[in-house]
Amino acid sequence: MDFRAITLDPETEAFREEVVRFLDKHLTDEVLQEERRTGNGHHPLFHAALAARGWILPMWPVDEGGAGLDPLRARILALELAWRGAMSVSISRLITTTVALGLRAHASDELKQEVLPAVARGAALMCLGYTEPGSGSDMAAANTRSIREDDHWLIRGQKMFTTGAQNADYVWLLTRSDPDAPKNKGLTMFLVPLDLPGVEITPIITLGGERTNTVYFDDVRVSDHYRVGPAGQGWQVVAGALDAEHRMGKIEDRGIGDDGNLGTWQGLVHRLTDAGLRWSATARHPDGTPVIDDPLVRERLARVALDAEISFLTGGPMSKIVTAESLIRGAADLVDLVGPAGTLSADADGAVCDGEIEFLHRFAQGTAIYGGSIEVFHNLLAERMLGLPRARMRPA
Ligand SMILES: Cc1cc2nc3c(=O)[nH]c(=O)nc-3n(C[C@H](O)[C@H](O)[C@H](O)COP(=O)(O)OP(=O)(O)OC[C@H]3O[C@@H](n4cnc5c(N)ncnc54)[C@H](O)[C@@H]3O)c2cc1C
């Protein structure tokens, strides 16, 4: 589906066509199918191809390894990537770019020099070490300890759902350095190299087939060089990276293009629409009539298509909510329309549309959780965009 109403000027249209040609060449069916099989969230060759164009950090200046794209071109790049399903093989890239913003704002010059040029040339990947078994939405309750010893720190604890750790060189780690300080004031951020002794990464495979991880830190000895920002001010350091992930603030300030939010997945709602259309083109009701002639089927397909367009048009943190809700609702609607065959996976006899609807139905559920749950995004909208008072949790 493409309902775009804007005609681009010839130069901008030439840029869009360049992106399309790039994707034709590098985002092949084989690349996408491999991702569907592994749920790895990263494809080294596709990543290297993006890096060669400066498209890891598309809006960063060329002399910092970016492509210096203006916001319109960055948006075009993000949309074309989303449309073609590049999100799934770019999870590690998207995570890395949000960490890069945090590093650019808060890391020492030496650490920036060590890491940021490597990020831009596609040679360094990061993962996010926020969530723990006892703290998810309430990130500031993190309990992984960092203990100062002379010129280094000992890190001890466990992180959950550390997506992309299996591909990453570093983890952007939220730690508790002062257990006696108030919750938000005893935190310190680190960029911990993942090849240090004492780091153990174990896989978790989600319902949607994505690989994420548990990461254990068993007295990992980290040089103070890898501390980011002052000890005890981890909350202030992490805030900028979180804002980028939540798509808060102006795109110019985020500077990484417009696909920062890992939860948006807008292209998937389009894929869902396409799958529904493909199914309806050939399917028949038990009485032999084509389903596409059924006004109820047409109305429900149109609703999925409309949701897809709305999620592309919605910006900032709202896009996360709209997209996750559209995907969950639309996938459930299509499974309902298709009937039992809609629940057959790609490798099963009788699977509909190569199992696409079944896959998207499973995959949709996680989009409402990671990168912050949609309930937490509702709070964010209420407080930061509508200026409403902070939500208070009722006492248990
Ligand atoms: C596939 C996947 C990948 C992930 N990747 C990463 C990653 O790379 N790095 C990382 O650090 N984390 C990652 N996460 C963790 C994710 O960010 C957390 O799962 C999420 O923030 C929710 O935390 P929780 O699971 O502890 O649930 P909880 O915080 O315990 O929430 C449980 C329920 O309560 C609701 N709730 C909680 N607080 C509030 C509130 N204040 N107001 C209203 N409702 C509330 C939530 O919406 C949810 O429905 C990932 C999770 C998944 C599933």
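**A predicted protein model, from overall build to single residues**

In this protein the mean positions of the 40 positive and 55 negative charges lie 3 Å apart, where Lys and Arg are counted as positive and Asp and Glu as negative, with His and the chain ends left out, and where each charge is placed at NZ of Lys, CZ of Arg, CG of Asp or CD of Glu. The model is predicted, so that local features need pLDDT of at least 70 and side-chain atom pairs count only at pLDDT 80 or more, whereas totals for chains, interfaces and linings use all residues. Residues are numbered from 1 along each chain as its sequence is written, and side-chain values use heavy atoms, with hydrogens and water left out.

The secondary structure comes to 13 helices and 8 strands; these elements are DSSP runs, numbered from the N terminus, with helices being H or I of at least four residues and strands being E of at least two. Along its principal axes the C-alpha trace spans about 80 × 55 × 45 Å.

Of the 396 residues, 52% are buried, where buried means under 20% relative accessible area, exposed means over 50%, and partly exposed covers what lies in between (1.4 Å probe, protein chains only). The accessible surface comes to about 18,200 Å², and 54% of this area belongs to carbon and sulfur atoms; such areas come from the Shrake-Rupley method with a 1.4 Å probe, and for residues only the protein chains shown count as cover. Among contacts between residues at least 6 apart in sequence, 70% join residues at least 24 apart, a contact being heavy atoms within 4.5 Å.

Turning to the helices, H3 (residues 44-52) has Phe46, His47, Ala49, Leu50 and Ala51 as its buried residues, and these pack against helix H1 (10-26), helix H4 (71-83), helix H5 (91-106) and helix H6 (109-120). H3 is followed by glycine 54, whose phi is positive, near 80 degrees. The C-alpha atoms of proline 117 and glutamate 64 are 6.8 Å apart in space, although the two residues are 53 residues apart in sequence.

Helix H10 (residues 295-313) has 19 residues and reaches 27 Å from its first C-alpha to its last, close to the 27 Å expected at 1.5 Å a residue, the expected span being 1.5 Å times one less than the number of residues. The buried residues of H10 are Val297, Leu301, Val304, Ala305, Asp307, Ala308, Glu309, Ser311 and Phe312, and they pack against H4, helix H9 (266-282) and H11. H11, in turn, has 23 residues and reaches 33 Å, again from first C-alpha to last, close to the expected 33 Å.

Just after H11, glycine 339 takes a positive phi of about 90 degrees. Most residues other than glycine have a negative phi. Cysteine 353, however, has a positive phi of about 50 degrees although it is not a glycine, and aspartate 354 likewise has a positive phi, near 50 degrees. Cysteine 353 is placed in the loop between helix H11 (316-338) and helix H12 (356-367), and aspartate 354 lies in the loop between H11 and H12. Cysteine 353 is buried, because its relative accessible area is 14%, whereas aspartate 354 counts as exposed, because its relative accessibility is 58%.

Two residues from the strand-bearing part of the chain complete the tour. Valine 220, in strand S7 (residues 211-223), is buried, with a relative accessible area of 0%, and it touches Trp153, Leu154, Ile155, Leu196, Pro197, Gly198 and Val199, not counting residues up to four places away in sequence. The C-alpha atoms of valine 220 and proline 197, 23 residues apart along the chain, are separated by 6.3 Å. Asparagine 143, in the loop between strand S1 (126-129) and strand S2 (145-149), counts as exposed at 53% relative accessibility; with residues up to four places away in sequence again not counted, asparagine 143 touches Glu132 and Arg176.
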